[in-house]
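Dear colleague,

I am passing on the structure below, followed by notes on what was found in it. Please read them with the model open beside you.

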Amino acid sequence: MNSKEEIFEQTEQYIEGLGFEIVKKDKQRPWGGFLVINEDQASKFAAQFFPEEDFESLKISEMLSPKILLVAPEKRLSWQYHFRRAEIWRCIKGKVAVGTSMTDVQNEIKTLSEGDKIKLQQGERHRLIGLEDWGVVAEIWQHTDASNPSNEDDIVRLQDDFGR
């Protein structure tokens, strides 16, 4: 199993090798971390990781906030939802699990393998879960309020393993 440093380094090399500029790295999350891709490359990012999606229909606010999430083995992100965004995730390395529900009660958990995609509606409760090894997920946000795009403060946490 790769260390956190190794998985970040491998993922950064892969993403930069595809021609993407990483503008922010956060390796300090208790569940792993993320890489933020230059917003100017959002259309290229969408074409690379979500080629079946109609890019123009995704862009409500002129932003997609492309990110790569790195989820540590056996770690869970908070059970959460958002007021101002929908999200699309594609597993690009390893396997991850996703819990979803339109209510506060978590329903079934689905496993995403490499290449699998899930679309999360605005307000849909969700949680990304690491399995036996690191999982890497490409993410775009579909901002639902063009005058007030979503940001990291647009997270309503219903449960969190890390007390946030």
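The lining of the largest cavity draws at least two residues from each of S3, S5, strand S9 (125–130) and S10, where strands (E, at least two residues) and helices (H or I, at least four) are DSSP runs numbered from the N terminus. The largest share of that lining, three residues, belongs to S5. A cavity here is a set of points, on a 1 Å grid over the protein atoms alone, where a 1.4 Å probe fits but cannot get out, and lining residues have an atom within 4 Å of a point. The largest cavity holds about 210 Å³ of space, a volume being the space filled by probe spheres set on the points, which are joined across faces, edges and corners. Of its 20 lining residues, those closest to the centre are Trp 31, Leu 77, Gln 80, Glu 152 and Ile 155. By class, the lining has eight nonpolar, four polar and eight charged residues; Ala, Val, Leu, Ile, Met, Phe, Trp, Tyr, Cys and Pro count as nonpolar, Asp, Glu, Lys and Arg as charged, and the others, Gly among them, as polar.

Please bear in mind that this is a predicted model, in which local features need pLDDT of at least 70 and side-chain atom pairs count only at pLDDT 80 or more, whereas totals for chains, interfaces and linings use all residues. Residues are numbered from 1 along each chain as its sequence is written, and side-chain values use heavy atoms, with hydrogens and water left out.

His 82 sits in the loop between strand S4 (79–81) and strand S5 (85–93). His 82 counts as buried because its relative accessibility is 2%, the limit for buried being under 20% relative accessible area (1.4 Å probe, protein chains only). Its side chain makes polar contacts with the side chains of Gln 80 (3.2 Å) and Arg 85 (3.1 Å), a polar contact being a pair of N or O atoms within 3.5 Å, one able to donate a hydrogen and the other to accept it. Leaving aside residues up to four places away in sequence, His 82 also touches Glu 87, Gln 122, Gly 123, His 126, Asp 154 and Ile 155 (contact means heavy atoms within 4.5 Å).

The largest nonpolar core has 23 residues, with Phe 45, Phe 49, Ile 68 and Leu 70 making the most contacts inside it; such a core is a set of buried Ala, Val, Leu, Ile, Met, Phe, Trp, Tyr and Cys residues joined through side-chain atoms within 4.5 Å. Its largest share, four residues, comes from H2.

With best wishes

Conventions
Buried < 20%, exposed > 50% of the residue type's maximum accessible area, 1.4 Å probe, protein only. 1 Å grid on protein atoms, 1.4 Å probe; cavity = no way out; pocket = protein on both sides within 12 Å on 5 of 7 lines; lining within 4 Å.
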